[in-house]
Amino acid sequence: MTPIELFCGILLTWWVAKLISQEHGPMGIFTRLRYAVRVRYDEHSQVVYKNELAHLVGCIRCLSVWVGWTVSFFILDSSSIINVLQYGVVFSAGAVLLEEWFNRG
């Protein structure tokens, strides 16, 4: 894997995980998805997870693992399941680092 593929995989994982877990989306599709799996917000706009699926969809750290595996599956062209799993975790870790970096300020 080239450094460009690695960087693009991390960016793609971060963007898709952030889109699903935090953004409104076109015609509110991601908001409706989160509502359907019971992600709720309290009076202080803090996330409240009503079940484990809601936690998976509403938490960018949790979701980035699954998104990272999916991205690595397509980038690596499913050459080896071990490589797909390893790079999926690498993409997820990079996405979490990006999210922390952007939320620092």
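Asn 103 is exposed, because its relative accessible area of 52% is over the 50% cut-off. Asn 103 sits in the segment that follows helix H5. Its C-alpha atom is separated by 22 Å from that of Ala 54, a residue 49 positions away along the chain. The model described here is a predicted one.

## The chain as a whole

The protein chain holds five helices and two strands. Read from the N terminus, the order of elements is α-α-β-β-α-α-α. The C-alpha trace spans about 45 × 30 × 25 Å along its principal axes. The chain has 105 residues, and 31% of them count as buried. Take the contacts between residues at least 6 apart in sequence: 48% of these join residues at least 24 apart.

## Helix H1

Helix H1 covers residues 3-22. H1 has 20 residues. From its first C-alpha to its last it reaches 28 Å, close to the 28 Å expected at 1.5 Å a residue. Its buried residues are Gly 9, Ile 10, Thr 13, Trp 14, Ala 17, Lys 18, Ile 20 and Ser 21. The cover over these buried residues includes H2, H3, H4 and H5.

One partner of H1 is helix H2, made of residues 29-36. The axes of H1 and H2 come within 7 Å and cross at roughly 65°. On the H1 side, Leu 19, Ile 20, Ser 21 and Gln 22 take part. On the H2 side, Phe 30, Leu 33 and Arg 34 meet them. By class, this contact has four nonpolar, two polar and one charged residues.

Helix H4 runs over residues 60-75, 16 residues in total. At 1.5 Å a residue H4 should span 22 Å, and its end C-alpha atoms are 21 Å apart, so the two values agree. Buried in H4 are Ile 60, Leu 63, Ser 64, Val 67, Gly 68, Val 71 and Ser 72. The elements that cover these buried residues include H1, helix H3 (52-58) and helix H5 (81-102).

Two packed helices are described by the angle between their axes and the distance between the axes. The table sets out three pairs in those terms.

| Helix pair | Axis distance | Crossing angle |
|---|---|---|
| H1 and H2 | within 7 Å | roughly 65° |
| H1 and H4 | 8 Å | about 135° |
| H4 and H5 | within 7 Å | roughly 135° |

First, the pair H1 and H4. H1 and H4 pack at an angle of about 135°, with their axes 8 Å apart. That angle makes H1 oblique to H4. H1 passes H4 in a right-handed crossing. From H1, the contact draws on Glu 5, Gly 9, Leu 12, Thr 13, Trp 14, Val 16, Ala 17, Lys 18, Ile 20, Ser 21 and Gln 22. From H4 come Ile 60, Leu 63, Ser 64, Val 67, Gly 68, Val 71 and Ile 75. The residues of this H1 and H4 contact divide into 10 nonpolar, six polar and two charged.

Next, the pair H4 and H5. The axes of H4 and H5 cross at roughly 135°, and the two helices are therefore oblique to each other. Their crossing is right-handed. H4 contributes Ile 60, Arg 61, Ser 64, Val 65, Gly 68, Trp 69, Val 71, Ser 72, Phe 73 and Ile 75. H5 answers with Val 84, Leu 85, Tyr 87, Gly 88, Val 89, Phe 91, Ser 92, Ala 95, Val 96, Glu 99 and Glu 100. The residues of the H4 and H5 contact divide into 13 nonpolar, five polar and three charged.

## Positive phi angles

Most residues other than glycine have a negative phi.

Arg 38 has a phi near 75°. Arg 38 lies in the loop between H2 and strand S1 (39-41). Its relative accessibility is 41%, so Arg 38 counts as partly exposed.

Ser 45 is not a glycine, yet it has a positive phi of about 65°. Ser 45 lies in the loop between S1 and strand S2 (47-49). With a relative accessible area of 57%, Ser 45 is exposed.

Methods. Residues numbered from 1 in each chain as written. Predicted model: local features only at pLDDT ≥ 70, side-chain atom pairs only at ≥ 80, totals over all residues. Heavy atoms only, no water. Helix = DSSP H or I, 4+ residues; strand = E, 2+ residues; numbered from the N terminus. Expected span 1.5 Å × (residues − 1). Buried < 20%, exposed > 50% of the residue type's maximum accessible area, 1.4 Å probe, protein only. Contact = heavy atoms within 4.5 Å. Axes fitted to C-alpha atoms, helices over the stretch in contact; angles between N-to-C directions. Parallel < 35°, antiparallel > 145°, perpendicular 65-115°, else oblique. Left-handed = near helix turned anticlockwise from the far one by under 90°. Nonpolar A, V, L, I, M, F, W, Y, C, P; charged D, E, K, R; others polar.
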